[in-house]
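Colleague: Hi! Could you walk me through this protein, one step at a time?

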Amino acid sequence: HYTDPRWAMSAKDGLLVYPRKAGFGAMDLETGNVVPVPFGCEGKIVRRVRISCDVLVIEWTTEADQRASLQHYATAFDVAKVLPGDEALGNGASTLWKFALRCEWQTCVAGLVDDRFFSAHDDTHYVSYCWHEWPTPGDEASEQLTVWEMGSTPRVVLSLDDKMLAHYGVLQRDTPSLRSVQLAAGHVFLWEEEHRWSVGPHRM
């Protein structure tokens with residue numbers, strides 16, 4: 001597993017979100033115009049950036065949490081393209097992108113930074129899967145899959161603990177093979193891989 005990139009691209013829209021010296025910028029790949037993303041990075045460690053279904057999600061933790069149990073957070077923005085001729089652009093301006101804060105919430109509490117943490121989102125929901133390995137030998141890993149509805153105030157609509165994950169046959173235990181989670185058409189998909197090259201930490 002490779003480190004998650006701190007940038008994201010929407011191929012269908014030609015939009016690139018990337019880190020800059022001060023926060024994040026969003027570049028329109030057709031015009032080259034760059035606008036700032038209204039996300040404050042001070043005191044935060046960004047772990048993942050993703051654009052899907054016209055929603056930008058930035059996942060992060062705080063610097064204070066880095067060496068303790070990580071408090072994971074997500075910040076979601078609605079992304080809209082303002083075309084030439086729109087009054088919001090003013091006279092003579094070209095294509096612009098607008099980022100409107102939708103919500104921000106704590107997604108999960110994990111262990112150390114090398115625990116497994118997968119997530120995905122669409123235009124209405126966000127899903128996370130956390131796998132935490134306890135430091136005490138013999139203790140089984142703790143696992144949780146949670147789905148939020150991303151309204152102005154996010155709310156949990158599905159939460160599966162170890163027992164429920166075992167019931168559905170997807171509990172990872174101490175030999176995790178999960179590689180990603182996906183959301184599509186109101187369903188959660190878990191992608192697993194099992195082959196000899198998958199041996200190793202593959203930390204998230």
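**A first look**

Modeller: Happy to! The protein exposes about 11500 Å², of which carbon and sulfur atoms supply 54%; such areas come from the Shrake-Rupley method with a 1.4 Å probe, and for residues only the protein chains shown count as cover. This is a predicted model, where local features need pLDDT of at least 70 and side-chain atom pairs count only at pLDDT 80 or more, while totals for chains, interfaces and linings use all residues. Residues are numbered from 1 along each chain as its sequence is written, and side-chain values use heavy atoms, leaving out hydrogens and water.

Colleague: How many helices and strands does the secondary structure come to?

Modeller: Helices (H or I, at least four residues) and strands (E, at least two) are DSSP runs, numbered from the N terminus. By that rule, the protein has 1 helix and 14 strands.

Colleague: What is the order of the strands in the open sheet of 4 strands?

Modeller: Strands of a sheet pair through backbone hydrogen bonds, either parallel or antiparallel. Two strands count as paired if DSSP finds at least two bridges between them. Here the pairing is antiparallel, and the order is E9-E10-E11-E12.

Colleague: Which strands are the edge strands?

Modeller: An edge strand of this sheet pairs on one side only. That describes strand E9 (116-121) and strand E12 (155-160).

Colleague: Is Glu-42 buried or exposed?

Modeller: Glu-42 has its place in the loop between strand E4 (34-37) and strand E5 (44-52). Buried means under 20% relative accessible area, exposed over 50%, and partly exposed in between (1.4 Å probe, protein chains only). Glu-42 has a relative accessible area of 78%, so the residue is exposed.

Colleague: How many aromatic pairs does a search of the whole structure find?

Modeller: Rings of Phe, Tyr and Trp (its six-membered ring) pair if their centres lie within 6.5 Å; planes under 30 degrees apart are stacked, over 60 edge-to-face, and the rest tilted. The search finds 7.

Colleague: What is the angle between the planes of Trp-105 and Trp-148?

Modeller: Trp-105 in strand E8 (residues 96-109) and Trp-148 in strand E11 (residues 142-149) are 43 residues apart. Trp-105 is buried at 7% relative accessibility, and Trp-148 is buried at 6%. Their pair is tilted, with 6.3 Å centre to centre and a plane angle of 55°.
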